[in-house]
Amino acid sequence: MSECLFCKIIGGQIPGTLVYQDDQLVAFKDINPQAPLHALIVPRRHIATLNDLSPADDALVGSMFRAAAALAKEHGYADRGYRTVFNTNAEAGQTVFHIHLHLLAGRALRWPPG
């Protein structure tokens, strides 16, 4: 996807502060952080929304959550608590149409959100 912001970050065309990467995923700091730790975990393969996932993507989504847990632990938030969030489509707040898991930690997070 030549116009996708996250694809450009993954491809190195736009700078991003990477905090994790492997053969399937890249994680980087959110440019508008809502918590002391606010990272976005994204698959290298472009998938626009959760609605576009197939059963073949189950392991990929699981690896996104495992990466979030590892990052929370690495930054000292695993025991304190952290939140993971997927937003799907505009009304839910998705602004970049490349699936991404938000990892938020480092402050008290209220419920319900937004």
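Q: What span does helix H2 reach from its first C-alpha to its last, and what span is expected at 1.5 Å a residue?
A: In this predicted model, helix H2, which covers residues 58-74 and has 17 residues, reaches 24 Å from its first C-alpha to its last, close to the 24 Å expected at 1.5 Å a residue.

Q: Which residue with a positive phi follows H2?
A: H2 is followed by Gly 76, whose phi is positive, near 85 degrees.

Q: Which residues of H2 are buried, and which strands do they pack against?
A: The buried residues of H2 include Leu 60, Val 61, Met 64 and Leu 71, and the buried residues of this helix pack against strands E1, E2, E3, E4 and E5.

Q: Why is Cys 4 called buried?
A: Cys 4 has a relative accessibility of 9%, and buried means under 20%, so Cys 4 counts as buried.

Q: Why is Cys 7 called buried?
A: The relative accessibility of Cys 7 is 16%, which is also under the 20% limit, and therefore Cys 7 counts as buried.

Q: Which residues touch the most other members of the largest nonpolar core?
A: Among its 17 residues, these are Leu 25, Leu 37, Ile 41, Met 64 and Leu 103, and the largest share of this core, six residues, comes from H2.

Conventions
Residues numbered from 1 in each chain as written. Predicted model: local features only at pLDDT ≥ 70, side-chain atom pairs only at ≥ 80, totals over all residues. Heavy atoms only, no water. Buried < 20%, exposed > 50% of the residue type's maximum accessible area, 1.4 Å probe, protein only. Helix = DSSP H or I, 4+ residues; strand = E, 2+ residues; numbered from the N terminus. Expected span 1.5 Å × (residues − 1). Contact = heavy atoms within 4.5 Å. Core = buried A, V, L, I, M, F, W, Y, C linked by side-chain atoms within 4.5 Å.
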